[in-house]
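Hello,

Here is the structure we talked about. Please open it and keep it beside this email as you read.

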Amino acid sequence: MPFARPDLDTAPDSVFESLDTTRDALRAVYAMQDRADAAAPQVGDRAPDFALPTLLPDRQLGTIQRLADLRGRPVALIFGSYT
Amino acid sequence: MRLETIHQRYRDEVEFRLVYVREAHAADEWAMAINVAEAIEHTQPTRLDERVEIAATCAVALPLTMTTLVDDMDDAVGAAYAALPERLWLIDAEGTVAYRGGPGPWEFDPDAWESAIVALLAARRSATTSAR
């Protein structure tokens, strides 16, 4: 479930400490996220095409896959990292 | 793992892709104590082969079994989708954005994503039936 992002003006210091960050550092993160979000496509927009390599089971890179190659079926994208 | 459950539930009708992007909490950037406690400590890769290695570890550890794609070191795809540190999207069969999840971690919402998948598939079935 989503949760509210800490309010920079009202959240106590303990909130930022629990996130291993500071109020000012998180302010910079918010600004970066908000700028990126404002420029990202909206529902109904053409999805930005991309071409990225697949990851093979042997931990090597495989063929390049384009989003456009998947046209004809819905595509569910999960963006993320390990940490 | 909620995302993997959703993947298994709809994989016959939907293409799922994990797009591995730059580390959100690299040990040399914004390290999180919770990761340290679980011995998940990786510095931010500076070379593609380093990124590939962590991507492989990530896919196995989570675990997520869909095809993984690895973003380039310029983070261009992650940027195009405002995807840092994590985000969910759904693209319809014609290449149009059908669901735009909010930026993680605050607005990362697998339930809303699954609801969008269900709605999109229902609309596709309805359109197919109407065309007959």
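Which are the buried residues of helix 5 of chain B? They are Trp113(B), Glu114(B), Ala116(B), Ile117(B) and Leu120(B). Seen down the helix axis, these buried residues fall within an arc of 160 degrees, so they line one face of helix 5 of chain B. Bear in mind that this is a predicted model.

Now the other side of that helix. The face turned away from the buried side carries exposed residues, including Asp111(B), Ser115(B), Arg125(B) and Ser130(B). An α-helix has 3.6 residues a turn, so residues three or four places apart point the same way.

What covers the buried residues of helix 5 of chain B? The cover includes helix 1 (2-10), strand 3 (87-91) and strand 4 (97-100) of chain B. It also includes strand 3 (75-80) of chain A.

You can check the length of helix 5 of chain B too. It has 22 residues, 110-131. At 1.5 Å a residue it should span 32 Å, and its end C-alpha atoms are 32 Å apart, which agrees.

Next, chain B as a whole. It has 5 helices and 4 strands. Along the sequence they follow the pattern α-β-α-α-β-α-β-β-α. The C-alpha atoms of chain B fill a box of roughly 55 × 30 × 25 Å along the principal axes. Of its 132 residues, 38% are buried.

Then the contact between the chains. It takes 66 residues from chain B and 43 residues from chain A. Helix 3 of chain B gives the most to the side of chain B that touches chain A, with 9 residues. By class, that side of chain B has 43 nonpolar, 10 polar and 13 charged residues. Strands meet across the two chains as well. Strand 3 of chain A pairs with strand 1 of chain B in the parallel sense, over 6 bridges. In that pairing, Leu77(A) stands opposite Arg17(B).

Is Ile54(B) buried or exposed? Ile54(B) is buried, because 22 other C-beta atoms lie within 10 Å, and the cut-off for buried is 20 or more. Leaving out residues up to four places away in sequence, Ile54(B) touches Tyr82(A), Glu23(B), His42(B) and Pro45(B). The C-alpha atoms of Ile54(B) and Arg17(B) are separated by 17 Å.

Best wishes

Terms used
Residues are numbered from 1 along each chain as its sequence is written. Chains are lettered from A and ligands numbered from 1 in the order in which they are written. This is a predicted model: local features need pLDDT of at least 70, side-chain atom pairs count only at pLDDT 80 or more; totals for chains, interfaces and linings use all residues. The expected span of a helix is 1.5 Å times one less than its number of residues. A residue is buried if 20 or more other C-beta atoms lie within 10 Å of its own, exposed if 12 or fewer, and partly exposed in between; C-beta atoms are placed from the backbone. The arc is that of the directions from the helix axis to the C-beta atoms. Two residues are in contact if their C-beta atoms, placed from the backbone, lie within 7 Å. Ala, Val, Leu, Ile, Met, Phe, Trp, Tyr, Cys and Pro count as nonpolar, Asp, Glu, Lys and Arg as charged, and the others, Gly among them, as polar. Two strands pair if DSSP finds at least two bridges between them.
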